[in-house]
Amino acid sequence: MEYVISVMLSGISVGGQYALIAIGYTLVYGILRLINFAHGDVFMVAGLMGIYFTATLPIGVALPLVIILTVVLGFTIERAAYKPLRSAPRMSVMISAIGVSYLLQNTATYVTGGQPMTYPDLRLLSNTVNVAGTQTKWVVIVTPFLVLILVFALTLLINKTKVGMAMRAVSKDFETSRLMGVRINRVISATFIVGSALAAVGSILFFTNYPAITPTAGAMPGLKAFVAAVFGGIGSIPGAVIGAFLIGICETIIKGLPSSWDVSVFSDAFTFALLIIILIFKPQGLFGEAATDKV
Amino acid sequence: MEKKKRSFSALICVAVLLLFVVFLENLSAIFPQVPQVFMPTSPLFTVLKKAAVYSLVAVSMNLLNGFTGLFSLGQAGFMLLGAYTYAILTVPTAMKDQVYYLFEGCAFDFSLVDMFGGIFGSEGAGGAFSMVLGCLVALILAGAVAGFFAYLIGIPVLRLKSDYLAIATLGFAEILRAIFQWQKLGKITNGANMIKGFPTFSSFNITNSSGVEVLRLSTFVPFLISSICITVIVLLINSSYGRAFKSIRDDEVAAEAMGVSLFKHKMLSFVISSFFAGVGGALFAMYVANAQAKAFTSVMTYEILLIVVIGGIGSVSGSVLATFLYVACSEWWLRFLDSEQYIGSFKVPLLRNGFRMVVFSVVIMIIVLFFSQGIMGNHEINLGALIDKITRRSKRSERKQ
Amino acid sequence: MKKIVALAMAVIVTSLTACGAAPAAQGGDAASSTGAAGDTIRIGVFEPSTGDSASGGKKEILGMQYANSETPTVEVGGKTYNVELVMADNGSSADKAPSAASELVGKDVSLVLGSYGSGVSMAGGPKFEEAGLAAIGVTCTNPNVTAGNDYYFRICFLDNFQADVLANFAMDKFSAKKAYCLGENGNEYDQGLVVFFKQVFEAAGGEVITDSFPTNNSDFTSYLNKAKSEGADVIFTPVSIAYAKQIMEQAASLDIGIPFLGSDTLDDNMVLEATKDTNLQLYVSTFYQEGGSEVFDKGIKDYINSNSDAMTANGGNDTISAVTAMGYDAYYVALEAIKAAGSGDKGAIKAAIPGVKYDGVSGSIAFDSIGDAVRDTAYIKTADTATGTWAFEKVQTGSASN
């Protein structure tokens, strides 16, 4: 029983962290139809910034600074690498995203010297707590609630504000909303800002839980978050969140299966198999709208 | 008539290139005083070998992405299949116990090289012949296995479009890697351990009876195989099938209306591309002298994709040219960026380990952003026309005299 | 505008390529003129400084650099030669290793040291063999590195020996009946050690549970909880540094209460740091124990503390990793080989290596017929969680079969 609880706990926290990255994917994909491969690396860079800033600044200053600079990074990437290619074929933009991801990883290797870096202890979040006989970190408990709050705030932003309305319009029909006077570039920037901010928050939670950061630390969570976004129906925020939790939980259950079965190595493979199956049988995902031009 | 003449002269160009490679490689044997760069162990030849291998993979990816418009990111997975097929089939039976030492031998107690050795003799010329034949058959089988798996995965996946297809094939490659690394299959795949001991490019160097190399062919072999494969791909592209592929790329609906069977042609392109990726994977195994699933990650696919983009999506000669530039830059010319350099007594700042890759990725980003057509766009280097021009000019000058 | 940018980029790219070609050419010329008759002997350093194994590779280089700064010359046949270390980064990956190896061959080095990590050594090995260049592996412990390659030697013990040592230690110290082994899927180092450990442990009547995690995994809590719920007495984790660090951090927050056994990769500052101020029990088998040679300890600490690059490479403090000591010994073995050969000629050096005997800080080094080091002891040390240092536990020899 203890064991089951511990597996569920880590599943939920992993899922929550994927959810925060997945929202970034789903927002960008909804509007630009672009798989932003660099998103996972932005997440990794946010983690590295967390290390360097907390080393010199008090936490109260460092963490907001991390979020702000991650937003700046996301914004800059969009302006420098995606905006010039807006009229180019979709494949070129995706290749540009792969290029940015390559650049971020190599720069991170250069700066850290290839050493795994340690994420600092963030007092409250890093402290341990005993839940029904299993010990765990506070961050594990906090994550799902924080995710829910952020998603709620995001839904408000999208449904109640002008920017949100523009976002919905653009994701429905890019060309028409441009003709109707929506300032496309502003809307896209706003999307990247929101996505990056969530990735920064996600990085704080994720790396407090798993404190070693390598230059490739963002690649896997990034890909899985994308799968979660597809699973939940791309473009749909609640879909992405539910998809992320499901994938996080499934993954930890597979890892937790008895070792005599020797299937725990397939926890990543399972995620991808799930993706292929979803794409084939229900390409619009759990909550996506059935649009013929997507798949 | 004109076309025939052109393809003939293109063929001659390729033959000249191959002869040049042989000459280059054996330069040091003819003139022992050549500069260091031409010694057989210099980085030049390592780079040439790797580039020859990668150019085949890049062209095969271009066939799919550039000529058929199918955005697939499964190249590393198909290379993995090819590399393992080749390795498992050619490791000599005598070596198997040592290679599979963790698993008490291999489930396949069989080697193509040994099998042909049994027929043609394993010593001297017979041995050489059976080695070459064994490798050749293994290479073809490597492609066939990759093609077969492509067919299986293609049935469901090819219905997807653009980035969904990309992410599904990427996922497929990751699944394959996990399966090949699984310790439970160790009797076949050697689990996490690398398979080694099979014939590599260096095995093709011709030695005399006392073991002295008389003719080096280790760079020529990958060039030869790659150029044959690329020629086949070019012929395919110029055939009616190739025209159907291009019509699918340009407009699926129109192509279908014109009577091109979408699924059939997509599948054909996918299987053929994977076949050559499999052959390329086998060549890659020969280049690194081992086969290990760890090497075939999505990073490798991205690298090849970037090569295709730099060369120009939809240009075979562009892909080949870009491969040689890419490999030479990343593995050879830019290496100096990784260590401290002095210009006079001035220490150049920033230079330390890892800087090479930063500069390199910046250069790639610049190409992607500002030269989105790549080196060649969708044009080709027309060897035939080039030769025509030269010969015509010389004829004209003859006439003047 | 676009044209100007394009033009500027073209200029930069061509100048970069030109720069790239120029030093390469210079290097080649310099090598051909000085390599044979000049007064410099070059030793190639074939190590990862990027990629997964960068951390370990850099620490190994550190040992060589310190040894080089201590003894920068070698006297051969009455003449003093300068010894120069030539670096090539093999990027921790098998597809980059061949070109790094031929880079060294092209720079006309007399012999090669390295690498950290067996996979790259196996991928680079054929290039050295082809060039008739001897390579001395420093901490590549896979049996297949030297088997089938006449030109590869090594100064460290092998995987099967190490696994044997740890399995015996687990039974001696903890009377362990059940061991949980965790390795990275597809990593030959991890999986090889796990298989050997399992053989020894089961032969002695114990029970072994093996498990693997996928590459780039970061959540280890499921695995650790599983080990606990299946009732393991020890957890054996022969994984690379980044994963080891992650596992230690997560084990500390889970309050796992089971002792950990680690292989030589876990003998690293980063891992040690993760155990500080926790109640983890971590035991590692390794090549060198701090305090083994006071002169070396003091010298290398001064070297690290006086040089900020070295400090960064060592992970920000001056704890000595065993791989650093091994890198240091490897350099002196190379010098011995050069002296024994009587020249900087690579063929003569290759012929001289099997006869080299050297008493290094990590113990005495000699080679057997395959080219492996003759070693029968490993140091076991434990993480002192209060002070954040390594404490010496015992010297363990293998079981009778070794």
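Colleague: How many residues of chain C are in contact with chain B?

Modeller: Please note that this is a predicted model. Two residues count as in contact if their C-beta atoms lie within 7 Å. By that criterion, chain B contributes 46 residues, and the number from chain C is 46.

Colleague: Which helix gives the largest share of the side of chain C that touches chain B?

Modeller: Several elements of chain C each supply at least two residues of this side, among them strand S3 (79–89) and helix H3 (97–106). The residues of the side divide into 20 nonpolar, 19 polar and seven charged. The largest share, 13 residues, comes from H1(C).

Colleague: How far apart do the C-alpha centres of domain 1 and domain 2 of chain C lie?

Modeller: The domain assignment of chain C gives domain 1 as 39–157 + 296–371 and domain 2 as 159–286 + 378–397. Their contact takes 17 residues from domain 1 of chain C and 19 residues from domain 2 of chain C. On the domain 1 side, helix H2 (54–70) and helix H4 (118–131) of chain C each supply at least two residues. The C-alpha centres of the two domains lie apart by 28 Å.

Note on methods: Residues numbered from 1 in each chain as written. Chains lettered and ligands numbered in written order. Predicted model: local features only at pLDDT ≥ 70, side-chain atom pairs only at ≥ 80, totals over all residues. Domains from an automatic or database assignment. Helix = DSSP H or I, 4+ residues; strand = E, 2+ residues; numbered from the N terminus. Nonpolar A, V, L, I, M, F, W, Y, C, P; charged D, E, K, R; others polar.
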